[in-house]
Amino acid sequence: MATASNVDVTIVREVATASVTVTYTVNWSAFDRTTDLQYAENVRFVGVRSGRAAHTGPVGDDLLGIGLNFIVLISANGRAVTPRTRSLTFPLADLDEAFLAGHTDDEIRAIVTLTPWPPPAADMAGELVALAA
């Protein structure tokens, strides 16, 4: 089964937007290389609550309402690894995981999910049988 590794997020703040770049490596198994099985690729972002005094709520992650939620199909094409780079621009407010006025040290993590995408089902038709009236 394919896995993602070396996930890295770079965020460049602009006036009202943030340019987010996610880079990672897809590692293909021998089965993936042999069958060329396709995977649906999904990148989502979470805000990390570290438990510091400036953060509210319990320590943990909060899923942000942004991410690559459309389906992108990728496959090994015989390779052992595939480097990936995804770049997006979001309103800066969408990356605010702390929800505190004046709080500027948001902590964002990207989560990459690779889901096997099965081939379409084959339809088989039987022989034509006449019904007696």
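The following conversation goes through several labels used for this predicted model and the values behind them.

Biologist: What is the order of the secondary structure elements from the N terminus on?

Modeller: The elements run β-β-α-β-β-β-β, and the secondary structure comes to one helix and six strands.

Biologist: Why is Glu-41 called buried?

Modeller: Glu-41 has a relative accessible area of 4%, and buried means a value under 20%, so Glu-41 counts as buried.

Biologist: What makes Arg-84 buried or exposed?

Modeller: The relative accessible area of Arg-84 is 18%, and because the limit for buried is under 20%, Arg-84 is placed among the buried residues. Of the 133 residues of the protein, 29% count as buried.

Biologist: Why is the contact between Arg-84 and Glu-41 called a salt bridge?

Modeller: The closest N and O atoms of Arg-84 and Glu-41 are 2.7 Å apart, and a salt bridge requires a side-chain nitrogen of Lys or Arg within 4 Å of a carboxyl oxygen of Asp or Glu, so the pair meets the criterion. The structure holds one salt bridge.

Biologist: How many aromatic pairs does the structure hold, and why is the pair of Phe-45 and Phe-90 described as it is?

Modeller: There are two aromatic pairs in the structure. For Phe-45 and Phe-90, the ring centres are 5.8 Å apart and the planes stand at 80 degrees; centres have to lie within 6.5 Å for a pair, and planes over 60 degrees apart count as edge-to-face, so this pair is edge-to-face. The pair links distant parts of the chain, with Phe-45 in strand S3 and Phe-90 in strand S5, 45 residues apart.

Biologist: How do you know whether these two rings, Phe-45 and Phe-90, are buried or exposed?

Modeller: Phe-45 has a relative accessible area of 1% and Phe-90 has 9% relative accessibility, and because buried means under 20%, both Phe-45 and Phe-90 count as buried.

Biologist: Which members of the largest nonpolar core touch the most other members?

Modeller: Phe-45 is one of them, together with Val-22, Val-26, Trp-28, Val-43 and Ile-74, in a core of 18 residues. Strands S2 (17-27), S3 (38-49), S4, S5 (81-91) and S6 (108-117) each give two or more residues to this core. Leaving aside residues up to four places away in sequence, Val-26 touches several residues, including Ile-74, Leu-114 and Arg-84.

Biologist: Why is Leu-73 called partly exposed?

Modeller: Leu-73, which lies in strand S4 (residues 60-74), has 36% relative accessibility; since buried means under 20% and exposed means over 50%, Leu-73 falls in between and is therefore partly exposed. Leu-73 also forms a nonpolar patch on the surface with Ile-71 and Trp-117, and together they have about 280 Å² of accessible area.

Biologist: What makes Glu-107 partly exposed, and where does Glu-107 lie?

Modeller: Glu-107 lies in the loop between S5 and S6, and its relative accessible area is 24%; because that value is between the limits of 20% and 50%, Glu-107 is partly exposed. The C-alpha atoms of Glu-107 and Gly-47 are 5.7 Å apart in space, although the two residues are 60 residues apart in sequence.

How values were computed:
Residues are numbered from 1 along each chain as its sequence is written. This is a predicted model: local features need pLDDT of at least 70, side-chain atom pairs count only at pLDDT 80 or more; totals for chains, interfaces and linings use all residues. Side-chain values use heavy atoms; hydrogens and water are left out. Patches are made of residues with over 30% relative accessible area and no salt bridge: like charges are joined within 9 Å, nonpolar side chains (Val, Leu, Ile, Met, Phe, Trp, Tyr) within 5 Å. Accessible areas come from the Shrake-Rupley method with a 1.4 Å probe; for residues, only the protein chains shown count as cover. Helices (H or I, at least four residues) and strands (E, at least two) are DSSP runs, numbered from the N terminus. Buried means under 20% relative accessible area, exposed over 50%, partly exposed in between (1.4 Å probe, protein chains only). A nonpolar core is a set of buried Ala, Val, Leu, Ile, Met, Phe, Trp, Tyr and Cys residues joined through side-chain atoms within 4.5 Å. Contact means heavy atoms within 4.5 Å. Rings of Phe, Tyr and Trp (its six-membered ring) pair if their centres lie within 6.5 Å; planes under 30 degrees apart count as stacked, over 60 as edge-to-face and the rest as tilted.
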